[in-house]
Amino acid sequence: FDIREGEITKVLLMFFNIFLLISTILILKPVVNSLFLSRFGAESLPYAFVLVALFATVVSFVYSKTLKTVPLNKIIIRTQVFSILMFLIFWFLLFFQIAEGWELFLFYIWVAIFSVLSASQFWILANIIFNSREAKRLFGFIGAGAIAGGIFGGYLTSVLVYFIRSENMILVSVFLLSLCIVITVKIWKIFGEEV
């Protein structure tokens, strides 16, 4: 893999970070899709797509404004913490059937935004941590972590869905995303000073 001396820690942390992020996404997407489609049917998907686009526009605007005043490391960590809190709220609403359906639209929207935002943040972090020569050599291996995470997340979902309710898969995602926070903090602590 052409990982040189002094790079192994950095590469493995980034590998496992993207592995966990993509696993989280591949657990959440089938869960939100199944819950949404079983409640509203495929005819409601166009409305969900339009809402995702509208919310993504607002999030992009706020995110770009925030980048001007808050350091990237804090934004990444806060985004992950906020995502965990949102997923726990959605789990609570779904598990106890408190709301009458609007929560599924919001859950669908947040999973779509989280998927794009978390992957984008990861690759921005990777471009900060690695210089262009390192990136050419190492991004293939790190990208394999995304592929492995996709396989793992999809397989884990297909196995666990027989034993636990769909809503409880959100808690599995929360656990994996919590591990991402630990890894991201460690990456910034060790390598953030280099940039």
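## Two helices side by side

Axes here are lines fitted to C-alpha atoms, for helices over the stretch in contact, and angles between them run from 0 to 180 degrees between N-to-C directions. With that in hand, welcome to this predicted model. Helix 4 covers residues 102-129 and helix 5 covers residues 132-160; their axes come within 11 Å and cross at roughly 145°. The crossing of helix 4 past helix 5 is right-handed.

Which residues in helix 4 meet helix 5? On the helix 4 side you will find Phe122, Trp123, Ala126, Asn127 and Ile129, and their partners in helix 5 are Glu134, Phe139, Ile142 and Gly143.

Val50, Leu54, Phe55, Trp102 and Leu106 make a nonpolar surface patch of about 480 Å². Helix 2 (45-67) and helix 4 each supply at least two residues of this patch. The largest share, three residues, comes from helix 2, and Val50 has its place in that helix. Helix 4, then, takes part both in the patch and in the contact with helix 5.

## Salt bridges

How many salt bridges does the model have? The count comes to four. One of them pairs Glu7 with Arg137, where the closest N and O atoms are 2.6 Å apart. Glu7 lies in the segment before helix 1 (8-40) and Arg137 lies in helix 5, so this pair ties together parts that are 130 residues apart in sequence.

Key
Residues are numbered from 1 along each chain as its sequence is written. This is a predicted model: local features need pLDDT of at least 70, side-chain atom pairs count only at pLDDT 80 or more; totals for chains, interfaces and linings use all residues. Side-chain values use heavy atoms; hydrogens and water are left out. Helices (H or I, at least four residues) and strands (E, at least two) are DSSP runs, numbered from the N terminus. A crossing is left-handed if the near helix is turned anticlockwise from the far one by less than a right angle, and right-handed if clockwise. Contact means heavy atoms within 4.5 Å. Patches are made of residues with over 30% relative accessible area and no salt bridge: like charges are joined within 9 Å, nonpolar side chains (Val, Leu, Ile, Met, Phe, Trp, Tyr) within 5 Å. Accessible areas come from the Shrake-Rupley method with a 1.4 Å probe; for residues, only the protein chains shown count as cover. A salt bridge is a side-chain nitrogen of Lys or Arg within 4 Å of a carboxyl oxygen of Asp or Glu.
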